Amino acid sequence: MNILLKSAKIVCPDNKGLHLKKRDILIKKGIIDKIGVSLEAPSNVKVVEKDNLHVSLGWFDSSVSFGEPGFEERETIANGLFTAGKSGFTDIVLNPNTNPVPDTSSDIVFLKERGQGKATQVHPIGSLTKNSDGVDLAELYDMKNAGAVAFYDFKKQIANPNLLKIALLYAQNFNGLVHSFPQDNNIKGKGVVNEGEISTMLGLKGIPALAEELQVARDLFILEYAGGKLHIPTISSAGSVKLIAEAKKKGLDVTCSTAVHNLFFSDETLKGFDSNFKVSPPLRAKSDCKALIKGVKNGTIDFVTSDHIPLDVEHKRVEFDNAKSGSIGLESAFGALNTLFEIEETIRLLTKGRDRYHIEEPQFTEGSKACFTLFDPEQTYTFEVKDILSTSKNSMFIGTSLKGKVYGIINNGQSNF
């Protein structure tokens with residue numbers, strides 16, 4: 001792959017010499033050969049010129065679900081990685097949201113082999129417990145050796161506190177990262193949306209923020225006792241932000257993420273009973289959205305994720321109470337973040353997080369592997385079904401005005417624009 005990017009504005013806050021400068025970038029055989037003001041195109045080199053072309057290091061998403069194996073009708077790994085690449089992501093962490101769940105080393109090998117040779121690289125998470133049943137620990141060490149970057153019973157509470165303690169203690173032997181979903185099911189009960197004025201008005205059973213915050217507080221106490229590395233995915237409440245900020249001040253090795261949709265939408269969007277807005281954790285109040293955005297800006301919240309969960313129409317076109325929770329988000333992630341934040345902050349959020357999962361960090365220097373995302377941060381548009389590349393179409397962003405379009409990526413010796 002030989003490419004010359006012409007007059008690309010570089011967005012790379014960590015590289016002061018190149019940040020916000022317009023440069024030509026010559027890539028030969030997947031390696032950054034030259035970065036200069038005006039480079040001539042050698043023979044056998046594809047010249048790329050785009051309107052308002054911007055380039056950054058490749059984007060990273062810490063929470064993506066597909067369907068394969070078991071739910072291929074929702075999304076295959078091949079089309080999921082194609083969609084991720086077209087959405088600007090060069091690396092994605094793949095959730096154990098399949099049937100069967102990946103709880104052995106051979107399962108991890110299968111997932112990595114299915115994603116091999118693609119422009120977007122897949123980094124699978126192994127199930128924390130066998131069958132994600134929350135009873136016995138899965139083969140964590142063997143899965144780590146096979147390429148698992150973390151361990152997680154996807155969207156399931158670790159109900160047994162001793163199990164979390166043992167997992168944190170055991171994973172320390174091989175520097176493993178444990179995920180714990182922030183929800184106490186006993187407090188959640190049969191709730192389907194955030195508990196508050198909106199749930200009362202709509203007559204829907206509510207999930208109080210207490211269900212999340214009680215679990216977060218418990219997990220942080222266990223982490224303080226046991227040590228180890230804990231990640232709390234997709235927090236949604238102001239109280240959770242406060243609890244995690246206090247834990248970080250104590251020096252605990254904890255990170256957390258929030259989903260783009262929990263920053264962008266509040267529970268007021270539920271008034272139309274559109275099941276695409278049914279997610280877990282639920283959309284909270286506007287005050288929670290503001291607290292999450294503040295937590296992102298001050299670094300309490302480490303990553304922002306699309307929390308991409310494809311679901312077929314049979315699971316969404318039903319009564320709100322009976323619909324499955326989840327929304328796709330890869331295609332809309334950049335446009336939504338770029339609507340909420342300035343472009344430099346948006347790119348910072350989209351490029352951070354690899355180090356937590358021991359994934360190689362790309363570099364914007366000559367001689368390094370080319371790992372780039374190409375985009376136009378100024379283009380505004382209304383997100384429509386035609387913008388969805390995923391097999392499943394369950395997006396809550398349909399009909400929403402967004403800012404910023406992705407041209408594609410260059411990674412792993414490939415390009416897709």
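This is a predicted model: local features need pLDDT of at least 70, side-chain atom pairs count only at pLDDT 80 or more; totals for chains, interfaces and linings use all residues.
User: Is Asn52 buried, exposed or partly exposed?

Analyst: Residues are numbered from 1 along each chain as its sequence is written, and side-chain values use heavy atoms, with hydrogens and water left out. Buried means under 20% relative accessible area, exposed over 50% and partly exposed in between (1.4 Å probe, protein chains only). The relative accessibility of Asn52 is 36%, so Asn52 is partly exposed.

User: What is the phi of Asn52?

Analyst: Asn52 sits in the loop between β4 (46-48) and β5 (54-57); such strands (E, at least two residues) and helices (H or I, at least four) are DSSP runs, numbered from the N terminus. Most residues other than glycine have a negative phi. Asn52 is not a glycine, yet its phi is positive, about 50 degrees.

User: And what is the phi of Asn412?

Analyst: Asn412 belongs to the loop between β16 (401-411) and β17 (414-415). Asn412 is partly exposed, with a relative accessible area of 31%. Though Asn412 is a residue other than glycine, its phi is positive, near 55 degrees.

User: Which residue is joined to Pro69 by a cis peptide bond?

Analyst: Good one, as most peptide bonds are trans. Pro69 is placed in the loop between β6 (59-64) and α1 (77-86). With omega about 0 degrees, the cis bond joins Pro69 to Glu68.

User: What is omega for the peptide bond from Ser280 to Pro281?

Analyst: Pro281 lies in the loop between α9 (260-264) and α10 (286-298). The bond from Ser280 to Pro281 is cis, with omega near -5 degrees.
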